[in-house]
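Take a moment to turn the model around on your screen before reading on. We'll walk through it one piece at a time.

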Amino acid sequence: MGEIYGALAMFDTPEQIVEAARRVRERGYVRFDCHTPFPVHGLEAAMGLTRSKLPFLVLGGGAMGVLAAILLQWWTGAVDYPLLIGGKPYFAMEFATPVTFELMVLFSAFTSVFGMLALNGLPMLYHPLFNAEIFARVTDDKFFISIEAIDPRFDRGHTVEFLRSLGASEVVLVEE
Amino acid sequence: MSTVSEQMTRPRLVLGEQTYHTITEAISKIVEEKTPREWYIAFGITGGMTVMLGAMLAYLVMTGIGVWGNNIPVGWAWDITNFVFWIGIGHAGTLISAILYLFRQKWRTSINRAAEAMTLFAVACAGIYPLFHVGRVWVAWWLFPLPYSQGMWPNFRSPLLWDVFAVSTYGTVSLLFWYVGLIPDLATLRDRAKSKIKKFLYGVFSLGWRGSVRHWRHYEIAYLLLAGLSTPLVLSVHSVVSFDFAVSILPGWHTTIFPPYFVAGAIFSGFAMVMTLMLLARWAYKLENFVTRVHLDNMCKIMLATGTIVGYAYATEFFIAWYSANKYEQFTFMNRAFGPYAWAYWIMISCNVISPQIFWFKKMRENVVVMFIVSIFINIGMWFERFVIIVTSLHRDFLPSSWSYFKATYVDICTFIGSFGLFLTLFLLFTRFLPIIAIAEVKGVLAHELHQHGHGAAGSHGGKH
Amino acid sequence: MAEKFRLEEQMVQRMRTPLVWSAVVGWIGCFIGYVIDAKQFHFSYLVSIIYFLSICLGALFFVMIQYVCTAGWSVVVRRIAETVMRNIDVCAVLFIPVLIGIPHLYHWVHPEPNDIILQKKAGYLNIKFFVARAVVYFGIWVLISRAIYKHSIAQDEDGKAEHNRRSMKWSAPGILLLFLSGSLAAFDWLMSLDPHWYSTIFGVYFFSGSAVAFVALLILFSMYLRKRGVLSKEITHEHYHDLGKLLFAFTVFWAYIAFSQYFLIWYANLPEETGWYLHRQEGSWLWVSLLIVFGHFLFPFLALISRIAKRNLKFLSFMAMWMMVMHYVDIYWIVMPTLSHHGVHVHWLDVAALLAVMGTLGVVFVSRLGKNAIVPIKDPFLSESLHFENV
């Protein structure tokens with residue numbers, strides 16, 4: 001057996017995993033994660049995770065969009081190549097509003113998606129957990145807890161035993 | 001709490017004895033099974049239509065815009081009608097996904113994926129028309145503010161340029177929203193894939209998703225934000241489309257209610273199209289447990305509501321045209337209802353305002369055949385709405401000597417049919433290669449229902465076979 | 001249970017006293033004002049009654065939407081909304097001075113003899129038909145609001161879910177009727193102040209503002225109860241968060257409608273339409289217009305966009321108060337330029353009329369609220385509402 005990535009425990013229901021996550025955290029593990037086929041209500045709280053900071057990034061993205069749109073329309077229309085059309089002013093917030101709005105939304109949407117991927121460290125096509133055969137069911141109907149070997153409290157025997165005691169239907173060690 | 005003599009409970013949204021595993025099975029199966037023969041037949045037909053679209057567009061580019069029936073004073077006709085028609089259809093997709101998500105309407109989960117896909121394909125179809133109507137399609141990139149040798153910039157005072165921004169933003173954001181929703185389901189397909197190629201492709205596109213709660217945390221917020229952004233975006237896109245008409249000074253086009261009226265119409269037509277497609281998919285793929293009567297009932301109610309709003313807009317326009325005491329306004333509306341295009345006007349009224357009124361009756365909201373017929377009526381009626389607005393306002397302009405009657409050419413007609421071909425081809429490809437129902441989300445709803453109905457730890461006794 | 005959710009008599013008293021004073025002082029003021037300057041009185045009064053009526057109509061709209069969607073989360077605040085909506089009948093009585101003031105308020109009563117446009121409109125804009133329409137509008141609103149209110153109260157006794165279904169049956173066509181009658185009412189009472197001007201979106205504009213003001217009132221009143229220990233556990237942060245979202249959404253929707261109207265008129269630049277906005281840019285009216293742009297949209301948009309702001313009850317109450325003021329400014333800005341063309345002219349009668357209408361409506365509202373439980377105690381979805389959480 002090569003390097004060990006950590007221990008992986010499989011649970012059958014959302015209720016079980018919420019309880020198990022709470023216990024793992026209470027035990028003092030830090031380098032652990034849960035894996036579920038759909039977002040499970042209350043699990044983030046049980047793991048002690050704070051709310052995502054993504055909205056603040058997106059706010060910034062939206063503000064950039066507004067700024068970019070106004071500068072673009074003002075500079076092209078009123079500075080670089082002023083042209084009188086239809087008796088309208090070279091620049092006015094009235095007609096600039098639609099494009100400003102669209103770019104605000106576009107920039108915000110890009111920030112949401114790419115910000116989310118960046119915060120999650122995705123795409124990451126290889127991950128040691130994929131080595132575990134049972135892990136294929138994480139996208140189907142099973143709920144997992146993984147505890148990494150680099151966690152200071154990790155101990156092959158004890159950790160596996162502890163995970164079993166939480167009601168896991170299967171516990172395996174995952175190779176790096 | 002004191003006794004409640006009669007219970008009123010929430011109807012269940014996932015029917016049958018489902019576990020998480022059976023949901024995975026039921027939906028993945030559609031993609032994994034051997035391609036049915038019917039699919040090939042359907043694909044052959046729609047593919048042929050798409051080829052026709054290509055041929056028509058090629059003919060148009062080689063010959064000129066004159067192959068369409070547009071001619072002064074009717075400078076805009078089927079092209080813009082079809083553009084608005086397709087964009088409108090797209091809107092229900094976003095709406096089902098985004099607004100119903102924000103309103104915590106759990107019933108959306110069964111239909112949102114297909115609806116979002118529909119949005120993308122409809123936007124693709126819509127884009128064709130203005131793109132080719134510019135004439136020299138090979139310089140269509142001039143529409144974007146890109147520096148090039150002439151040193152000029154696009155005119156930001158023109159509503160047509162706002163359209164460029166609105167529609168391209170809309171296409172992009174819809175794609176992102178759809179794709180973000182797909183990631184966990186692509187991972188499901190990846191984990192079930194038998195062949196190397198499939199595993200590789202689904203693997204790459206699922207970005208290595210491993211259901212981590214640390215990821216779900218950001219993922220859910222990103223999804224919520226996208227929903228929050230898409231909602232005003234839908235409103236803005238169709239408002240901008242309405243500006244194409246409403247900023248002008250043409251009676252019948254210039255009226256202040258246009259933005260919300262166009263948005264309501266878009267939702268209306270889009271829901272009708274979702275209804276048509278979902279009824280077909282439900283029947284073809286036997287999805288009765290996921291697209292339940294509750295879903296259909298709700299969709300009927302939304303069509304009734306939006307149809308009535310559209311009726312409200314027609315009535316208001318008519319009333320204010322009279323109230324304005326402006327004779328050009330009055331003439332335009334009388335001409336619409338009783339002039340040479342009266343037939344189109346009354347088709348519009350019967351299909352859009354009258355036909356959905358049947359959904360006041362619960363019996364009718366339970367009858368799949370009636371629903372299907374009405375949804376087709378609405379599709380037709382909403383096409384006519386755009387036709388009526390565009391052509392009847394133009395064909396009798398301020399100079400009676402130039403009045404005329406628009407006739408569509410065979411190129412107009414074949415291009416329009418061809419765009420249906422493109423739309424359906426894309427939709428068929430989608431049902432073949434991607435999960436047509438949001439697997440992860442339906443599981444979330446199931447978990448909620450199991451929890452609510454006291455089944456508690458019903459989890460997954462399905463097991464893997 | 002029923003007792004727990006009933007306002008104590010003492011508390012009803014405490015709420016009533018200042019309202020009674022407000023009504024008494026307001027009506028005395030109105031009476032004096034009427035004698036001194038009838039025209040000013042009628043305009044000030046029109047602003048006040050439209051302001052409060054729009055809030056009641058907002059409540060009616062809110063309640064019907066909740067029934068049509070079988071919404072669960074809002075059940076705990078629905079009785080408050082229902083009581084506000086029930087007050088439309090008082091508004092109907094309070095509307096009589098407007099009908100009396102038609103010749104003062106509406107230019108179309110005595111048009112210039114060569115005004116062809118107004119001659120063409122005379123079939124619609126004449127006193128008899130105007131009054132008849134007002135009677136019909138109020139008839140519709142009172143009928144619907146009474147029916148729904150009655151079912152809700154009856155459910156407190158027998159707990160039958162049948163009442164929800166009946167209310168739903170009233171609500172679906174009710175929304176349609178409300179939109180039709182409300183739009184026409186907005187055309188009649190507000191748009192026809194400038195009888196040459198027309199805008200098809202005006203009815204929607206009126207409703208969007210009403211919805212903002214009503215949600216703001218709902219937040220404020222719930223918060224008031226909370227301070228006095230009523231429903232402080234039942235109406236949770238989750239509910240305020242949702243109400244905050246609604247306040248935000250309606251504010252944005254209002255801005256969308258307001259922008260659409262202004263923008264299309266600005267762009268097309270047709271003289272028969274631009275006049276209305278030009279009046280509102282004359283003299284100090286320009287500042288009011290700008291105040292509306294910033295105060296009714298930009299500021300609340302930025303202030304309410306974050307989740308933290310919507311969950312901070314102190315801040316949310318401030319914003320609700322702010323939006324209620326802004327809605328008043330909006331109505332004032334629609335009505336008053338007809339009276340004082342060249343600039344804002346704040347008059348003490350504006351305050352007197354406000355006090356009179358607020359006091360009268362408030363007294364009835366409080367006593368109606370005191371008579372019944374303050375939440376629909378036997379609504380089948382009450383427990384869902386009590387336990388609900390934002391995702």
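Let's start with a pair of side chains in chain A: Asp12(A) and Lys142(A) meet in a salt bridge, with 2.9 Å from N to O. A salt bridge here means a side-chain nitrogen of Lys or Arg within 4 Å of a carboxyl oxygen of Asp or Glu. Asp12(A) sits in the loop between S1 and H1 of chain A, and Lys142(A) in the loop between helix H4 (93-120) and S3 of chain A, so the pair ties together parts that are 130 residues apart in sequence. Those labels come from DSSP runs, numbered from the N terminus: helices are H or I runs of at least four residues, and strands are E runs of at least two. Over all chains, the salt bridge count comes to 21.

Before we go further, some ground rules. This is a predicted model, where local features need pLDDT of at least 70 and side-chain atom pairs count only at pLDDT 80 or more, while totals for chains, interfaces and linings use all residues. Residues are numbered from 1 along each chain as its sequence is written, chains are lettered from A and ligands numbered from 1 in the order in which they are written, and side-chain values use heavy atoms, with hydrogens and water left out.

The loop between H4 and S3 of chain A has something else to show you: Pro123(A) lies there too. Leu122(A) and Pro123(A) are joined by a cis peptide bond, with omega at about -5 degrees.

Now for the sheet in chain A. Strands of a sheet pair through backbone hydrogen bonds, either parallel or antiparallel. In this one, 4 strands form an open sheet in the order S2-S3-S1-S4, with antiparallel pairing; two strands count as paired if DSSP finds at least two bridges between them. Which strands stand at the edges? They are strand S2 (32-35) and strand S4 (170-175) of chain A, and each has a single partner strand, so one side of each is left without a neighbour in the sheet. On average, neighbouring strands are turned by 20 degrees against each other, direction ignored. Follow S2(A) to its partner, strand S3 (residues 143-148) of chain A: the two run antiparallel and are joined by 4 bridges. Within that pairing, Cys34(A) stands opposite Ile145(A) in S3(A). Helix H1 (residues 14-26) of chain A packs on the sheet, where it touches strand S1 (4-11), S2 and S3 of chain A, and its direction makes about 20 degrees with that of S3(A). Axes are lines fitted to C-alpha atoms, for helices over the stretch in contact (heavy atoms within 4.5 Å), and angles run from 0 to 180 degrees between N-to-C directions.

Next, see how chain B meets chain A. Here 61 residues of chain B are in contact with 69 residues of chain A. The two chains bury about 5700 Å² between them, 68% of it on carbon and sulfur atoms; buried area is the accessible area (1.4 Å probe) that two parts lose on being put together, summed over both. How many salt bridges cross this interface? There is 1, and it links Asp33(A) with Arg214(B) at 3.9 Å, N to O. There are also 21 residue pairs in polar contact, both at pLDDT 80 or more. A polar contact is a pair of N or O atoms within 3.5 Å; within protein, one must be able to donate a hydrogen and the other to accept it, and residues adjacent in sequence count only if both atoms are side-chain atoms. Among the elements giving two or more residues to chain B's side are helix H1 (20-32) and helix H7 (213-246) of chain B, and H7(B) gives the largest share, 19 residues.

Chain B also touches chain C, with 39 residues from chain B and 60 residues from chain C. On chain B's side, H9(B) supplies the largest share, 8 residues.

Finally, look at a cis peptide bond in chain B: it joins Ile72(B) and Pro73(B), with omega at about 10 degrees.
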